[in-house]
Amino acid sequence: MSQGPRSGLAAVSSALLAMSRHLEVRDVLKTIVASARELLDAQYAALGVPDDHGGFAQFVVDGVSDAQWKAIGPLPRQHGILAAMLHEAKAERLADVRKDPRFEGWPSAHPDMSDFLGLPIRDDDEVIGALFLANKLRPVGGHPPSPEKDGSCGFTEEDEELLSILAQHAAIALTNARLYERSRELTIAEERSRLAHELHDAVSQKLFSLRLTAQAAATLVDRDPSRAKGEIQQVAALAAEAADELRAAVVELRPAALDEDGLIATLRTQIQVLDRAHTARVTFTGRGFRALPAAQEEAMLRVAQEALHNALRHSGAEHVAVTLARHGHGAVLRITDDGSGFEPQSIRRAGRHLGLVSMRDRTNGVGGTLTVESAPGKGTTIEMEVPGG
């Protein structure tokens, strides 16, 4: 008896740790289902996330092969026992799910199930999912369940209690994963908005040049046809140049998936777009860089974006250089421009204007250091160093 609780707690701990390792919603759902099936020794496990139309937005299973799942067909609807779990928000422990009056059958390819344990996953008063298991494999006492003979359910009250603990933590993990994905969506929208703003300015500049050149050509048509012809040719050249730049920029304008592409690729993509959108030359060099903890990479990306925005908007720089290099176990990010610079004595006032306070906060938040060097007419260098993992 003394070994049971300890092994049970160890299994619960392993399941909770497994859930905490993932941030993507789909990965969290799969981990919850696999953990529940292993923890309670069930043949089958499933987790459904309801939609607003009587069905499931997501439905994950464990114990069913891909071929069998494909043969089963469309996702189930919220009816019968599933509906009771979702709408009444209470646990269901049945000796034989097939004999329950709410049972409405299943597709022909569906595996046969008998004893059943289901539990809603709740976030405060909202039911955000339904977790259920079927066919207990090794119940307490070592004898296989026999609902046909004794009407007992293989899943015990202890199983229900364990699943309840798992469901509570599953709610936290699922909510955190949703918040992470929402945060990522907002970050992508923010980056797209920033790049769209840069492209808008580039288009405006090109159109302004085209309009002036066309007006000049119009005034020269009668008195100097030869010069007018040259101006019209310039209009055509400007239009072709604008089309080429915008076409290339649109190809690059995709969501910056930092966790998928990595910091090097994400920075390179954004800097290529900025280089096309501005008259200033914007370059990027990456040397010996290796992957860092996600929080550090995100902080470096944000600092680089802020520094680039300052250099291109406020400094009047002709060249902005970004370098990212390995430094011990960590990395150093450096953004240098040849713009107007500012007085070091006025750094507090400039810090508010140029977002240096935000940059320092981001850097300090990941255990890094930020150095700012500038002088009037000498440009500005912003250097961020992080320790790595």
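Which strands does helix α4 (residues 80-88) lie across? Helix α4 lies across β1, β2, β3, β4 and β5, and runs at about 135° to β5. Here, lying across rests on contact, meaning heavy atoms within 4.5 Å, and the angle, on a scale from 0 to 180 degrees, is taken between N-to-C directions of axes fitted to C-alpha atoms, for helices over the stretch in contact.

Before going on, note that this is a predicted model, where local features need pLDDT of at least 70, side-chain atom pairs count only at pLDDT 80 or more, and totals for chains, interfaces and linings use all residues. Residues are numbered from 1 along each chain as its sequence is written, and side-chain values use heavy atoms, leaving out hydrogens and water.

The protein chain has 11 helices and 10 strands, which are DSSP runs (helices H or I, at least four residues; strands E, at least two) numbered from the N terminus. Five strands form an open sheet with antiparallel pairing, in the order β2-β1-β5-β4-β3; strands pair if DSSP finds at least two bridges between them. Because β2 (56-62) and β3 (92-94) stand at the edges with a single partner strand each, one side of each has no neighbour in the sheet. From one strand to the next, the twist averages 15°. Six bridges join the antiparallel β1 and β2, and Val49 stands opposite Gln58 in β2. Another helix, α2, lies across β1, β2 and β5, at about 40° to β2.

Now look at two loops. Asp41, between α2 (25-39) and β1 (42-50), has a positive phi of about 55° without being a glycine. Asp124, between β4 (116-123) and β5 (126-136), also has a positive phi, about 60°.
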